[in-house]
Amino acid sequence: MSTRIAFLKGHGTENDFVIVPDPENVIDLPSAAVAALCDRRAGIGGDGLLHVVRSAAHPEARAMAADAEWFMDYRNGDGSVAEMCGNGVRVFARYLQCAGHVAEGDITIATRGGVKTVHLAKNGDVTVGMGKALLPEAQVTVAVGERSWPARNVNMGNPHAVAFVDDLTDAGTLYTPPPVTPASVYPDGVNVEFVVDRGPRHVALRVHERGSGETRSCGTGACAVAVAAARRDGADPAVTGTPVTYTVDVPGGRLVITERADGEIEMTGPAVIVAEGEIDADWQAGTLS
């Protein structure tokens, strides 16, 4: 990281990200550098980092270049690589719009979880096609202290364990990952959602995101929760042929999740660019080199 680096800061329902534009993929971003940038006290601060690269310039995305010009090289706040981030995709799309790379309407974005279709609406909302949920049959249990709950195993391109509880305080502090058993079901770790009911097809959650800790919002988590809630409530659009929509409250706001009859899931919510700037050269040399 020998060149000065431009950055932006954005959030989707307060799930916040450092955004690093790098169309030709020339900036070296090792995990330690990402963690330093995402540090809330010594860096810029964020739940994760959105590395903005043209698909054709990134070895993991070249095969998707014909379908999506831009690749979201997403990293967790600890610097680890992640498959997908639903809120991140919305903020990524908002950045592309603000930078003049795309306009209102439908666009595509490549991710490690596949190519995602995004709609930038005139009212400011961003809708992301999140793909289909996979529901592995493995039975899992989530624990907090001496208490434990059965959890639904849902994969949205990244793994989730969804536990329905009586009160969101049951989740504890979420400073550390809640133990999930059997651990062998999630060899690379898991995002854990604790969920309560707020009303008909209306739920609220708290989440521990793998590699980031508790966050104000998790887009893939909201989708996983909506699917888990629908199955718990006896609703399966693939069986009934009728789409099902859940309102999902997160600590940072509200997301609307729709599962269509073909299994495709759409997530709608806000995405905001807060600021932009340039990383200080002295800090960069001393911290990121």
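This report walks through the overall build of a predicted model and then a few backbone details.

## Overall build

Let's start with the fold as a whole. Five helices and 18 strands make up the secondary structure elements of the chain. With a radius of gyration of 18 Å, close to the 19 Å that the globule rule gives for 289 residues, the chain is as compact as a globular protein of that length. The C-alpha trace spans about 55 × 40 × 30 Å along its principal axes.

Of the 289 residues, 52% are buried. Among contacts with a separation of 6 or more, 61% are between residues 24 or more positions apart.

## Surface and charge

The chain exposes about 12,200 Å², and carbon and sulfur atoms supply 50% of that area. As for charge, there are 24 positive and 37 negative side chains, with the centres of the two sets 3 Å apart.

## Backbone details to look at

Most residues other than glycine have a negative phi, and most peptide bonds are trans.

A cis peptide bond, with omega about -5°, joins Thr181 and Pro182. Pro182 sits in the loop between β11 (180-181) and β12 (191-199). Leu174 is found in the loop between β10 (159-164) and β11. Its phi is positive, near 60°, in a residue other than glycine, and Leu174 is buried at a relative accessible area of 3%.

Glu14 also has a positive phi, about 70°, although it is not a glycine. This residue lies in the loop between β1 (6-12) and β2 (15-21). Glu14 counts as partly exposed, with 37% relative accessibility.

Terms used:
Residues numbered from 1 in each chain as written. Predicted model: local features only at pLDDT ≥ 70, side-chain atom pairs only at ≥ 80, totals over all residues. Heavy atoms only, no water. Helix = DSSP H or I, 4+ residues; strand = E, 2+ residues; numbered from the N terminus. Rg over C-alpha atoms; globule rule 2.2 N^0.38 Å. Buried < 20%, exposed > 50% of the residue type's maximum accessible area, 1.4 Å probe, protein only. Contact = heavy atoms within 4.5 Å. Areas by Shrake-Rupley, 256 points an atom, 1.4 Å probe, with all protein chains shown as cover. Lys, Arg positive; Asp, Glu negative; His and termini not counted. Charge placed at Lys NZ, Arg CZ, Asp CG, Glu CD.
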